[in-house]
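This briefing summarises how the elements of one protein are arranged and packed. Please read it alongside the sequence and structure shown here.

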Amino acid sequence: MSQQQNPSDISIDQIPIDLPSTQTSEVDPADVPEEIQSITCGLASEHPPTNPLVVLKAARWWYIHGKGGTDPAFQWAIEWARHLATDTPSDVEQFDEYLEYLVTVGFADEPHELR
């Protein structure tokens, strides 16, 4: 069975990839799918997700729609997935940068609100 896809809106799973908005320097919080926003904010909480596949789903979205490999949300998701896989401490400075980035994106007014 063949399904028609608009070439500017593709998807590997249920999260669509909007090709014209890929690799942008600014992310509008209204453009972040609810599931990705939930995972992203969950990574900043006191009880972050413990399933690396869920974390990598958010990492992929931020890599595609954010700043690529330099996107702080992508970098923190990868760091957290590494922590889950190896049970080694995560980088506290990178976490602080991540919280600041979420404030910049507009998910919170202050970093402490994300915890």
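In this predicted model, α3 and α4 pack with their axes 9 Å apart and at an angle of about 140 degrees. An angle over 145 degrees would count as roughly antiparallel; α3 and α4 are therefore oblique to each other.

**Packing of α3 and α4**

- The crossing in which α3 passes α4 is left-handed.
- On the α3 side, the residues that meet α4 are Pro 72, Ala 73, Gln 75, Trp 76 and Glu 79.
- Their counterparts in α4 are Gln 94, Phe 95, Glu 97, Tyr 98 and Tyr 101.

**Packing of α2 and α3**

- The axes of α2 and α3 cross at roughly 160 degrees and come within 8 Å. That angle makes α2 roughly antiparallel to α3, because angles over 145 degrees are classed in this way.
- Here too the handedness is defined: α2 passes α3 in a left-handed crossing.
- From α2, the contact is made by Pro 52, Val 55, Leu 56, Ala 59, Trp 62 and Tyr 63.
- From α3, the contact involves Ala 73, Phe 74, Ala 77, Ile 78, Trp 80, Ala 81 and Leu 84.

**Nonpolar core**

- In soluble globular proteins, nonpolar side chains tend to be buried together.
- The largest nonpolar core of this protein has 26 residues. The members that touch the most others are Val 27, Val 32, Leu 43, Trp 62, Tyr 98, Phe 107 and Leu 114.
- Two or more residues of this core come from each of α1 (34-42), α2 (52-65), α3 (72-86) and α4 (92-105).
- Beyond its neighbours within four places in sequence, Val 32 is in contact with Val 27, Gln 37, Trp 61, Trp 62 and Phe 107.

**Overall make-up**

- The protein contains 4 helices and 2 strands, which follow the order β-β-α-α-α-α from the N terminus.
- Of the 115 residues in the protein, 38% are buried.
- Among contacts with a separation of 6 or more, 54% are between residues 24 or more positions apart.

Methods. Residues are numbered from 1 along each chain as its sequence is written. This is a predicted model: local features need pLDDT of at least 70, side-chain atom pairs count only at pLDDT 80 or more; totals for chains, interfaces and linings use all residues. Side-chain values use heavy atoms; hydrogens and water are left out. Buried means under 20% relative accessible area, exposed over 50%, partly exposed in between (1.4 Å probe, protein chains only). Contact means heavy atoms within 4.5 Å. A nonpolar core is a set of buried Ala, Val, Leu, Ile, Met, Phe, Trp, Tyr and Cys residues joined through side-chain atoms within 4.5 Å. Axes are lines fitted to C-alpha atoms, for helices over the stretch in contact, and angles run from 0 to 180 degrees between N-to-C directions. Angles under 35 degrees count as roughly parallel, over 145 as roughly antiparallel, 65 to 115 as roughly perpendicular and the rest as oblique. A crossing is left-handed if the near helix is turned anticlockwise from the far one by less than a right angle, and right-handed if clockwise.
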